[in-house]
Amino acid sequence: MFQVPIEATEIAPGRVFVWNLVSTRTNGPAGPVPRPREATTYNQVRHFTVARDARETDDAFSSYVAGTFEIPGRVDLRALESALLHVVRRHEVLRCTFGELAGDVSCGPLDPDAVGLRMVEVGHIDSPARVRSYLHEFFRGIDTLSWPLIGMGAVVRDDSTTVFFSCDHLVSDGLSTPIAVHDIATVYAALSRGRRPDLPEVGSYLGYSREQRLRYREMDADDGRLDHWKGFMARNGDFFPPFPLDLGLEPGRLYPTVNELDPLLTADGTEALEASCRKAEGRLFMGLLAAVGVSLRKEGGPDVYRGLMPVNERGRGAYAHTMGWFINTLPVEFSVAEDRGLDETMAGVSAAIDEMWRHVDVPFVKAWSLLAPEHFSLRTWPFAVNFFSYLDFRKVPGARHHAARRARKHIWSSRTNGICFWFHRNDTGLYMNSLYADTPEARRTKAALGGTLVRTLEGMAHHGTF
């Protein structure tokens, strides 16, 4: 799987079909939030209220988390529709409606048999460029404040079909996309052969939400579990670690985004980097994080890397196969001083990751609201923030089929006031997907940093040095 902009994805022309999720009890969109009232996670509350506030002030903003993959041969549309519906019924968060109740954001799932699909034939789209444009507009059409929060469709040809879907972040995260690809493709393969689908058990995202809200309901700013964040803030000077290079941004302004995918290392180069990291008693993602910190310093950044890092809270149980927003975000910091070699820097990264995991039990949004209330009323992060994300797509559900399925993940946001990097590994190598503000300075900074990062990684992989 690649995480790649839809604009950079090659999809052949064909007949386009979409399936709209409907309530079988009203034969249309869902009504009010079902009872009983269910808790939402802190991530969901923040995301929903920001969307609501933007809507009330006509401050247009959109984003999506989407996926595409290929089915070879002539498609069985009835089996594909059944597979799409199976996945919506399987993952309760996709059946949830959301709304405000008693000053909070609540949700409730429709029963599995209370949802259905209605197919619409859009028509033939005659060029790859027009297919990409259509999919981009379809993906961004999912609305945080309106049910449903997933859209699905297919580009059908005589010899192959591209399946596509888009979710609002309210019900999805980075790992939800490969989970959805795996589930849809697996169920379709079974149903098209007249077999019963065989998928592992999934957990209840609403159960995860209830547990989180109960655990942190009484937390206040004096809670000892916030000490790690407070120490980071004291050293950093703010709750958010600023991106240390110039992006040419005006304070308080949001900019249209640039979305790019860059190759960093080939498969052989990535294996060499991994071997170098193991020799330094670390893991590949630690070496990549070290390389980012060193590259920032080489480009004029500080001797100490401070950033935010998302971590997956699914674990190895039933949640491992569950769609939802299971991501926490934590601060990480370590020295990248010029006089430190690879082994010493890697030891610092390893210690920083261990320290981060010791404090993983504090939700990012909860800490933000308690420790930086002056920023919490803003609809975005207050300035360009240093952000590092890594995902090994070889270790997600369905990974061994990704190449044959041409599985792709697509993320996009209409506006930003900073820069974010999502690094990912697959069987072909190591890649960087960047989403950043469209300014001349940001383009120059990102290009220069990307070149320095590639050279740093190559030095680590082949020479054991920065």
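Helix 7 lies across strand 9, strand 15 and strand 16 and runs at about 80° to strand 9. Helix 13 (residues 440–463) also packs on the sheet and touches strand 9, strand 15 and strand 16. The direction of helix 13 makes about 15° with that of strand 9. Contact here means heavy atoms within 4.5 Å. Axes are lines fitted to C-alpha atoms, for helices over the stretch in contact, and angles run from 0 to 180 degrees between N-to-C directions. Helices (H or I, at least four residues) and strands (E, at least two) are DSSP runs, numbered from the N terminus.

The model is predicted: local features need pLDDT of at least 70, side-chain atom pairs count only at pLDDT 80 or more, and totals for chains, interfaces and linings use all residues. Residues are numbered from 1 along each chain as its sequence is written, and side-chain values use heavy atoms, with hydrogens and water left out.

The open sheet is built from five strands in the order 12-15-16-9-14. Its pairing is mixed. Two strands pair if DSSP finds at least two bridges between them. Strand 12 and strand 14 (415–416) are the edge strands, and each pairs on one side only. Strand 15 and strand 16 (residues 429–437) run antiparallel and are joined by eight bridges. Within this part of the sheet, F421 stands opposite S434 in strand 16.

Strand 7 (residues 150–156) belongs to another set of pairings. Seven of its seven residues are buried, so strand 7 is largely enclosed by the rest of the structure. Buried means under 20% relative accessible area, exposed over 50%, and partly exposed in between (1.4 Å probe, protein chains only). In a regular strand the side chains alternate between the two faces of the sheet. In strand 7, I150, M152, A154 and V156 point one way, while G151, G153 and V155 point the other way. All of these residues are buried.

Strand 7 pairs with strand 2 (residues 14–23) in the antiparallel sense, over five bridges. V16 stands opposite V155 in strand 7. Strand 7 also runs antiparallel to strand 8 (residues 160–167), with seven bridges between them. There, G153 stands opposite F164 in strand 8. A hairpin of three residues leads from strand 7 to strand 8.

Aromatic rings were examined next. A pair of aromatic rings is described by the distance of the centres and the angle of the planes. Rings of Phe, Tyr and Trp (its six-membered ring) pair if their centres lie within 6.5 Å; planes under 30 degrees apart count as stacked, over 60 as edge-to-face and the rest as tilted. The structure contains 31 aromatic pairs. The ring centres of Y134 and F138 are 6.2 Å apart and their planes meet at 25°, so this pair is stacked. Both residues lie in helix 3 (residues 128–140), four residues apart, about one turn of the helix. Y134 is partly exposed at 22% relative accessibility. F138 is buried at 16%.

F240 and W381 form a tilted pair, with 5.8 Å from centre to centre and 40° between the planes. F240 lies in the loop between helix 6 (227–236) and strand 9 (255–266), and W381 in the loop between helix 11 (373–376) and strand 12 (388–392), so the pair ties together parts that are 141 residues apart in sequence. F240 is buried at 0% relative accessibility, whereas W381 is partly exposed at 23%. Both belong to one aromatic cluster, whose members include W229, F364 and F376.

Charges also meet rings. A charge sits over a ring if NZ of Lys or CZ of Arg is within 6 Å of the ring centre and within 35 degrees of the ring normal. R46 lies over the face of F376, 4.8 Å from the ring centre. The charged end of R213 sits over the ring of Y42, at 5.2 Å from its centre.

Side chains of opposite charge can pair when their charged atoms come close. A salt bridge is a side-chain nitrogen of Lys or Arg within 4 Å of a carboxyl oxygen of Asp or Glu. The count comes to 29 salt bridges. R425 and E274 form one of them, at 3.3 Å from N to O. This pair links distant parts of the chain: R425 is in strand 15 (residues 419–426) and E274 in helix 7 (residues 267–279), 151 residues apart. R425 is buried at 4% relative accessible area, and E274 is partly exposed at 21%.
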